[in-house]
Amino acid sequence: MQAVLLLNMRPLILKRVSKWKSILRISTKKHNSVAPKIDLHKKYKGFALTTVPEEYRGTWYRTDPYSKKATKLVITTHTFNGYVTYRKTDPNLKLDHNSEKQNKEYAGNAVMISTDSGALKERGFLDTVDMSYKLGQFKGQDCLFMSYGTNPKAVNGVALKDKKAALKYRKYDFSKVNQ
């Protein structure tokens, strides 16, 4: 009896299997990701377009201990790694990352930057922690000492002007570096 039931259900089972195969085939296709278009004219309430200080501009390279390739960090006059740079102009503006309205209003490829104590600080409009970049030298190479969190003196990584040097020092423990 069960064999007859299974034979009768065979076309239905085959149809479902072929449907799943086509779904899997569709979901494994590689999609070309398109970088968001940079719009230097976009306005955000409480922010104004700003210029990145010249000494930070250029192409920098960073790595991590587990990667064999260097990642580019490109800083231009008005962009930071593809994000348009703004400065906060309204000191009374309160930003809340939990606000649905603000998440819509401040969406886009933009970051706010500031310079403080010889460091360039960068973060998304609604982020709560800055990423700090401080110019310096490491083993004779121009570099950006990177730190995040509440202790700007802690070094969490380094971006170097030379790609080969970045790869050479990818396993170096930068937390031991004194700035």
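Visitor: What makes Ile38, Leu40 and Leu49 a nonpolar patch on the surface?

Guide: In this predicted model, Ile38, Leu40 and Leu49 together have about 210 Å² of accessible area. A patch takes residues with over 30% relative accessible area and no salt bridge, and joins nonpolar side chains, Leu and Ile among them, within 5 Å. Ile38 has a relative accessible area of 41%, which is over the 30% required, so Ile38 can be a patch member.

Visitor: Why is Ile38 called partly exposed?

Guide: The label partly exposed covers what lies between buried, under 20%, and exposed, over 50%. Ile38 has a relative accessible area of 41%, and is therefore partly exposed. Ile38 is found in the loop between α1 (2–27) and β1 (47–49).

Visitor: Why does Ser132 count as buried?

Guide: Ser132 has a relative accessibility of 6%, and the cut-off for buried is under 20%, so Ser132 counts as buried. Ser132 has its place in strand β8, where, leaving out residues up to four places away in sequence, Ser132 touches Ala119, Leu120, Lys121, Phe145, Met146 and Ser147.

Visitor: What is Asn156 in contact with, leaving aside its neighbours within four places in sequence?

Guide: Asn156, in the loop between β9 (141–148) and β10 (157–160), is in contact with Met146, Ser147 and Tyr148 once those neighbours are set aside. The C-alpha atoms of Asn156 and Met146 are separated by 5.7 Å, although these residues are 10 apart along the chain.

Visitor: Which residues have the most contacts inside the largest nonpolar core?

Guide: They are Leu73, Ile75, Phe80, Leu120, Tyr133 and Leu144, in a core of 14 residues. At least two residues of this core come from each of β3 (71–75), β6 (110–116), β8 (131–138) and β9. Apart from neighbours within four places in sequence, the contacts of Leu73 include Phe80, Tyr133 and Leu144.

Visitor: How many helices and strands does the chain have?

Guide: The chain has three helices and 10 strands, and buried residues make up 30% of its 179 residues. Among contacts with a separation of 6 or more, 52% are between residues 24 or more positions apart.

Definitions and conventions:
Residues are numbered from 1 along each chain as its sequence is written. This is a predicted model: local features need pLDDT of at least 70, side-chain atom pairs count only at pLDDT 80 or more; totals for chains, interfaces and linings use all residues. Side-chain values use heavy atoms; hydrogens and water are left out. Helices (H or I, at least four residues) and strands (E, at least two) are DSSP runs, numbered from the N terminus. Contact means heavy atoms within 4.5 Å. Patches are made of residues with over 30% relative accessible area and no salt bridge: like charges are joined within 9 Å, nonpolar side chains (Val, Leu, Ile, Met, Phe, Trp, Tyr) within 5 Å. Accessible areas come from the Shrake-Rupley method with a 1.4 Å probe; for residues, only the protein chains shown count as cover. A salt bridge is a side-chain nitrogen of Lys or Arg within 4 Å of a carboxyl oxygen of Asp or Glu. Buried means under 20% relative accessible area, exposed over 50%, partly exposed in between (1.4 Å probe, protein chains only). A nonpolar core is a set of buried Ala, Val, Leu, Ile, Met, Phe, Trp, Tyr and Cys residues joined through side-chain atoms within 4.5 Å.
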